[in-house]
Amino acid sequence: MSSGAANGNDSKKFKGDIRSPGIPSRVVHVRKLPNDINEAEVISLGLPFGKVTNLLMLKGKNQAFLEMNTEESAQTMVSYYSSVTPVIRNHPVFMQYSNHKELKTDNSPNQVRAQAALQAVNAVQTGSMSMGSVDGGGSGNQSPVLRVIVENLFYPVTLDVLHQIFSKFGTVLKIITFTKNSQFQALVQYSDAMTAQHAKLSLDGQNIYNACCTLRISFSKLTSLNVKYNNDKSRDYTRPDLPSGDSQPSLDPQAMAATAFTAPGIISAAPYASAHGFPPAFAIQQAAGMLLFLKASTFLFLLVKILFNKKENALVQMADGTQAQLAMSHLNGQKLHGKSLRITLSKHTTVQLPREGHEDQGLTKDFSNSPLHRFKKPGSKNYSNIFPPSSTLHLSNIPPSVGEEDLKGLFRSSGATVKAFKFFQKDHKMALIQMGSVEEAIASLIEFHNHDLGESHHLRVSFSKSTI
């Protein structure tokens with residue numbers, strides 16, 4: 001081994017890598033580790049990418065060096081974590097290639113502990129040691145598949161939100177989401193059981209959002225998931241070629257990356273933090289004539305301001321940062337009157353109402369007391385019915401005198417195509433109506449939400465996850 005290799009005896013003198021970190025090496029330099037870090041947690045960072053062959057801990061400097069079995073494994077690891085910042089004990093950690101090509105093993109106490117940890121991990125990976133001793137119970141090797149139940153579902157939790165959260169602990173291979181016993185659940189498959197164990201220990205009992213959406217995690221009896229479709233319900237990240245299996249197109253890698261980037265209220269440098277710490281306002285481009293659209297939107301917003309000098313832009317203030325994130329993820333890229341909406345978080349945290357006596361040409365409107373809000377009541381079941389735009393609309397508050405042909409005629413009156421219609425079997429106050437396209441459905445929602453149907457009934461229109 002080269003004399004320049006990092007050595008445990010030099011840990012007190014070692015200053016860390018000071019050169020440019022761009023030259024690949026199978027040794028990875030990990031920085032900004034939490035003070036109470038242990039060897040197993042550092043090793044777990046490398047496990048999804050290959051075998052970890054050596055470890056040097058520099059706890060006094062909150063750093064470590066992780067040696068992978070191949071340079072290719074190290075490259076995959078550094079590349080992955082450059083786009084998905086790993087988090088240990090709520091601390092984001094950072095990594096780069098080391099200028100050392102290998103790590104030297106000696107008999108220092110630090111190195112002895114590191115070698116013991118490596119041997120324990122290798123024993124688990126090869127199946128010669130029960131993981132029951134790790135998780136405090138059970139017997140035999142655990143599955144790399146986790147069963148996740150989301151309790152207190154105050155805000156919707158999407159497959160992409162779960163991917164963001166669980167990717168912090170290693171490479172997620174597959175996810176399947178479903179509802180069982182009126183509970184939103186998911187199956188999450190990692191590349192190995194050790195990573196699943198780490199994720200379970202870190203996430204079980206945590207809240208995705210402040211005081212709600214609590215994760216309850218256990219090991220699944222399944223050892224591998226069979227995913228047939230890549231859509232908003234299931235995803236196999238190793239098979240981007242899979243069909244979507246429904247009308248919703250599968251997300252391409254760029255779209256997935258965009259989703260991960262634009263959701264800091266869900267997971268960021270401090271996961272599980274309240275989304276209320278993020279701006280509740282977002283900016284919309286192509287916003288001329290947007291006021292009615294926002295009035296009819298399925299989110300709890302407070303203020304809207306179309307910019308005076310850029311009337312194709314608007315600021316929208318939501319009730320909190322989570323609602324802003326949700327609106328942005330659902331509406332960004334959607335088409336309205338032939339133009340695509342572009343939505344980003346705003347640097348402004350509030351939308352200012354015009355001062356008394358100042359006219360703003362009707363460009364600012366306060367909706368905080370609007371009777372159309374569906375989400376003022378905390379814990380309302382409406383929160384579980386927030387869906388992205390789809391070609392099928394959910395209609396409610398229909399009076400007994402209004403029939404199928406009346407409603408189909410109403411929606412056709414705006415020039416839209418009605419493909420299908422169906423009353424709810426047990427409740428004719430509600431129905432589903434399928435439009436010719438998502439864009440037509442958006443325009444129809446704008447046009448007919450709150451439409452007066454007579455008999456003191458105003459039609460309620462929202463996007464549906466169901467199809468006819």
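Modeller: Let us begin with a polar contact, meaning a pair of N or O atoms within 3.5 Å; within protein, one must be able to donate a hydrogen and the other to accept it, and residues adjacent in sequence count only if both atoms are side-chain atoms. Here the side chains of Q185 and R147 are joined by a polar contact of 3.3 Å. This is a predicted model, in which local features need pLDDT of at least 70 and side-chain atom pairs count only at pLDDT 80 or more, while totals for chains, interfaces and linings use all residues. Residues are numbered from 1 along each chain as its sequence is written, and side-chain values use heavy atoms, with hydrogens and water left out.

Colleague: Is Q185 buried or exposed?

Modeller: Buried means under 20% relative accessible area, exposed over 50%, and partly exposed in between (1.4 Å probe, protein chains only). Q185 has a relative accessible area of 1%, so Q185 is buried. Its strand is β9 (residues 183-190); helices (H or I, at least four residues) and strands (E, at least two) are DSSP runs, numbered from the N terminus.

Colleague: Which strands form the open sheet, and in what order?

Modeller: Strands of a sheet pair through backbone hydrogen bonds, either parallel or antiparallel. Two strands pair if DSSP finds at least two bridges between them. In this open sheet of six strands the order is β10-β11-β7-β9-β8-β12, with antiparallel pairing. At the edges are β10 (207-209) and β12 (234-236), each pairing on one side only. Strand β8 (residues 172-180) and β12 run antiparallel and are joined by three bridges; I175 has R235 in β12 as its bridge partner.

Colleague: How many aromatic pairs does the structure hold?

Modeller: Rings of Phe, Tyr and Trp (its six-membered ring) pair if their centres lie within 6.5 Å; planes under 30 degrees apart count as stacked, over 60 as edge-to-face and the rest as tilted. The structure holds two such pairs. F411 and F448 form a tilted one, 4.8 Å centre to centre with 50° between the planes. This pair links distant parts of the chain, since F411 is in helix α10 (residues 404-412) and F448 in helix α11 (residues 438-448), 37 residues apart. Both F411 and F448 are buried. The ring centres of F421 and F423 are 5.1 Å apart and their planes stand at 85°, so that pair is edge-to-face. F421 and F423 are both buried.
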